[in-house]
Amino acid sequence: MKAIVCNEFASVEALKYQEVPDPKAKEGQVVVDIKAVGVNFPDGLLVQGLYQMKPAFPFIPGSEVAGVISEVGEGVSHLKVGMRVIALCMLGGYAEKVACPATHVLPIPDEIPDEEAAALVTAHATAHHGLKQRAQIKPGETLLVTGAAGGTGLAAVQIGKEMGAKVIAVCSTQEKLDIAKANGADILINYTNTDLKTAIKDVTNGKGVDVVYECVGGDTFHACSRSMAWNGRLLVVGFAGGTIPELPVNLSLVKGYSVVGVFWGSFTQHQPQDFAANMQELLTWYVQGKVKVVVDQVVPLKDAKDGLNKVMNREVKGKVSLKP
């Protein structure tokens, strides 16, 4: 089969499109013939050696796929050959086939197109887990989302709205804010033409924000860290801006808020039953039209570098999918 292979930690440009052996289903696994792959910001960090995980070489990046089961390993009874599924594979997704643990494979409704199904797993599931398990957000609370037109930011806007929050979207351009508004945001802040801390104070009448879903890092994080409400939850999701901030912890003490890490990949390993329940809820919301994957572009697998660079350069409104 063909795949995108990382042979060394280097720039995205060093990735190779090459022939590799087909995977086989071991005990407890299934093989999925991939129809679409979701592209995520951590994929770019991973191949550069900048992510928490450091796989052995050579490896195939890509953590979320949609496709059809072509082989079922020993001990798997709830999945069958021919089933249309989404799968969390952690690695191996930028390929024509992948072997996945059966525990991380879910049948999908026919109503969801492949390119949207593949992009549903990481972004929406991260936002869902962050807002549900980590923030325990309540109806009527304020939710501020940074990078609100990106994949996981847009998901947080949709899911926060579904969970009853008043959603404040923070973006760098009016075009991105318009997309956030179309997906449910109540209040829009363009941080390039206003002071973010002052704007947050104004739109919350000085109270501050109950929950921040923070994907950007750097100065954006610092503005949010000074804008929290009492008993607030500042969710640390990622650092798309490129700078990992340091928190003056006295702010958390004085303002009485929590700083909460959101690492969805680890959550799926530690709480697989909660992960499965979350995914079922997400799929139900999707069929009901309450959440939606916004696919900015579908890119051929052989051109994966182009799609990944677009994500890394924060040029995406929603998600990019790859098509083998």
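**Close-up 1. M90 in the loop between β5 and β6 (97-101)**. This is a predicted model, in which local features need pLDDT of at least 70, side-chain atom pairs count only at pLDDT 80 or more, and totals for chains, interfaces and linings use all residues. Residues are numbered from 1 along each chain as its sequence is written, and side-chain values use heavy atoms, with hydrogens and water left out. Helices (H or I, at least four residues) and strands (E, at least two) are DSSP runs, numbered from the N terminus. M90, which is not a glycine, has a positive phi near 65°. Most residues other than glycine have a negative phi. With a relative accessibility of 29%, M90 is partly exposed (buried is under 20% relative accessible area, exposed over 50%, partly exposed in between; 1.4 Å probe, protein chains only).

**Close-up 2. N205 in the loop between α5 (196-203) and β11 (209-214)**. N205 is another residue other than glycine with a positive phi, here near 55°. Its relative accessible area is 74%, so N205 counts as exposed.

**Close-up 3. The cis peptide bond between F57 and P58**. Omega of this bond is about -10°. P58 belongs to the loop that runs between α1 (41-47) and β4. Most peptide bonds are trans.

**Close-up 4. Strand β4 (residues 64-72) beside strand β3 (residues 29-39)**. The two strands pair in the antiparallel sense over 7 bridges; pairing requires that DSSP finds at least two bridges between two strands. Opposite V65 of β4 stands V37.

**Close-up 5. β4 and strand β5 (residues 84-88)**. This pairing is also antiparallel, over 5 bridges. A66 faces I86 of β5, standing opposite this residue.
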